Amino acid sequence: MMFPGLSLTEADGQVFLRGLPDAARAPVTAESLRAWLDQSGFAGCDVMPDALAAAVEDCNARSSPFVVHIAQRRDAQVLVTVAPDAMQAWISITAPQGGRLADEGVVMQALREQGVAAGVDGDAVRAACAAQPVEHHLVAQGVPAQDGLDARFEEVGIAAADRSPRLTPDGMIDYREHGAILLVAPGQPLMRRHPATPGIAGFTVRAAELQPKPGKDLPFTDGLRGAAVSASDPNLLQAHAAGLPVRVPCGVHVEPVLEVEEVNLATGNLHFDGTVRVKGDVIQGMKVQATGDVEVGGVVEGSQLDAGGHVIVKGGIIAGAFARAAGTVAARFIESSTVDAGTLIAVDDMVLESTLVSRDQIHIGIKVPQRGKLVGGSTQAGKWIRVPYLGSSKGGVTQVAVGVNPELELRYQALLARMEQEKENETKLDKLAQQLGAMGDPKGMLPKVKAAWQAAVKQWGASLAERTELDALLKQARTARLELTKGTVGEVALQLGPMKVQLRREYGAGTFGVDPNGTPIFTDPAGKAIPLTP
């Protein structure tokens with residue numbers, strides 16, 4: 001296709017239409033010019049619509065020579081996008097318009113111009129070049145810093161006793177019967193300390209270094225009894241006395257162990273700094289007190305046990321006996337006795353006419369659920385009571401309370417009273433400081449008053465944090481529950497948090513608790529909730 005007096009030229013990718021007036025030239029249209037461009041080697045170039053229209057008008061009406069920039073040859077364009085945190089970079093490659101495709105060098109140059117200098121994936125760049133045009137193609141990734149690991153402590157040798165409560169997935173304290181006491185000898189390894197690690201630095205795609213957070217380095221706990229750090233290995237804890245290994249945070253104590261056949265008039269009462277193991281019975285009127293565990297292989301009859309750890313009784317606790325432990329009290333059965341536990345009371349068989357108090361949980365009928373029952377007496381737990389049968393048709397009223405913690409309530413009320421006094425004191429000191437500042441301070445009291453005010457503010461802040469902690473503990477009463485795996489028998493006086501309910505009819509398996517609205521309810525195994533009348 002030829003147009004007399006018209007020619008197409010190119011300079012630096014710019015396409016120009018040059019024209020001279022020619023009366024013999026047929027009328028020119030936009031379509032004919034586009035077809036001429038394609039035939040002349042400019043197919044695919046970016047034809048500018050406004051310039052094309054002007055060219056058509058000049059070709060058909062201009063009486064003097066003219067030049068029109070009608071099209072542009074454009075190479076593929078590489079657009080780089082960097083994430084706000086500079087941890088990723090993407091490219092988009094546009095299709096060329098009469099120009100060249102983008103190659104790996106063009107892409108790398110575009111990345112460099114946008115500051116992308118690290119974490120570039122060469123394979124991803126080549127894949128983008130092969131597939132162009134592409135949009136938002138990931139080609140670079142930074143590496144996040146890896147924070148260091150805190151120091152950790154690994155037991156070696158004999159597993160140490162652990163007196164901290166462990167929970168199963170459903171929230172039950174995981175009680176396992178203690179086996180024989182395993183003792184260690186002097187020099188025996190107890191625990192290895194793995195020091196904290198510094199972490200590994202990372203980087204952004206802009207090559208900025210990301211510093212890791214070092215792990216928290218913890219030493220072995222100071223003052224471990226019966227244990228010491230090895231002279232040849234600062235990360236190894238060894239026993240330096242014979243006894244029972246007991247796990248504590250960041251270490252292991254080695255407690256002395258006292259073993260006796262029986263506690264009777266011949267042995268006298270026992271007060272021992274460590275763990276006491278009684279192979280037989282603790283007879284009427286005797287006392288056993290230990291800072292560690294107390295384990296009794298027989299029966300505790302009308303006697304007293306007091307342990308800083310656990311109390312484990314292979315037989316029963318009977319005849320007006322008293323057992324108290326900071327941790328768990330476990331027994332085969334309990335009858336006409338009093339038991340007080342910091343975390344858990346665990347009974348294999350039944351409890352008859354006794355007083356039980358646990359700050360956390362009580363579980364009855366663990367090993368003999370068909371005989372597991374709680375009959376008469378008074379039973380109180382902070383969070384959870386689980387028992388097969390509750391009450392008796394032949395006995396009196398069985399009293400049960402969950403979600404109550406008198407000690408915590410008293411502590412909370414005392415704290416509120418103290419906070420009120422602290423706030424009043426802080427307010428008075430603040431007013432005094434303002435008065436001295438406004439009216440003058442001839443005796444130089446202002447610095448001391450300000451110091452006292454700051455101390456009062458700090459004390460009130462500490463009390464506020466304590467109140468928040470107690471609020472959370474008291475809130476747990478709303479989730480406290482009494483779980484029956486079989487049902488009730490006879491009359492039961494039930495207390496759920498502050499609400500009291502008299503159960504005069506029998507209930508089957510299910511759970512007593514409080515719904516989100518504060519209403520006491522019984523929920524059967526099918527999930528049906530039945531409101532209870534206080």
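Predicted model: local features only at pLDDT ≥ 70, side-chain atom pairs only at ≥ 80, totals over all residues.

Student: What makes strand 31 and strand 34 a pair, and in which sense do they run?

Tutor: Pairing requires at least two bridges, and strand 31 (residues 361-364) has 3 bridges to strand 34, in the parallel sense, so the two count as paired. In this pairing, Gln361 stands opposite Trp384 of strand 34.

Student: How many bridges does strand 34 share with strand 32, and how many with strand 36?

Tutor: Strand 32 (residues 373-375) pairs with strand 34 over 2 bridges, again in the parallel sense, and Leu374 stands opposite Leu390 there. Strand 36 (residues 481-488) runs parallel to strand 34 and is joined to it by 6 bridges, with Trp384 standing opposite Arg481.

Student: Why are the buried residues of helix 4 said to lie on the same side?

Tutor: In helix 4 (residues 122-131), the buried residues are Ala124, Val125, Ala128 and Cys129. They cover an arc of only 140° around the axis, which means that they lie on the same side of helix 4. Asp123 and Ala130, on the other side, are exposed.

Student: What covers the buried residues of helix 4?

Tutor: The cover includes strand 6 (88-93), helix 3 (104-113) and strand 7 (134-141).

Methods. Residues numbered from 1 in each chain as written. Heavy atoms only, no water. Helix = DSSP H or I, 4+ residues; strand = E, 2+ residues; numbered from the N terminus. Buried < 20%, exposed > 50% of the residue type's maximum accessible area, 1.4 Å probe, protein only. Arc of directions from axis to C-beta. Contact = heavy atoms within 4.5 Å.
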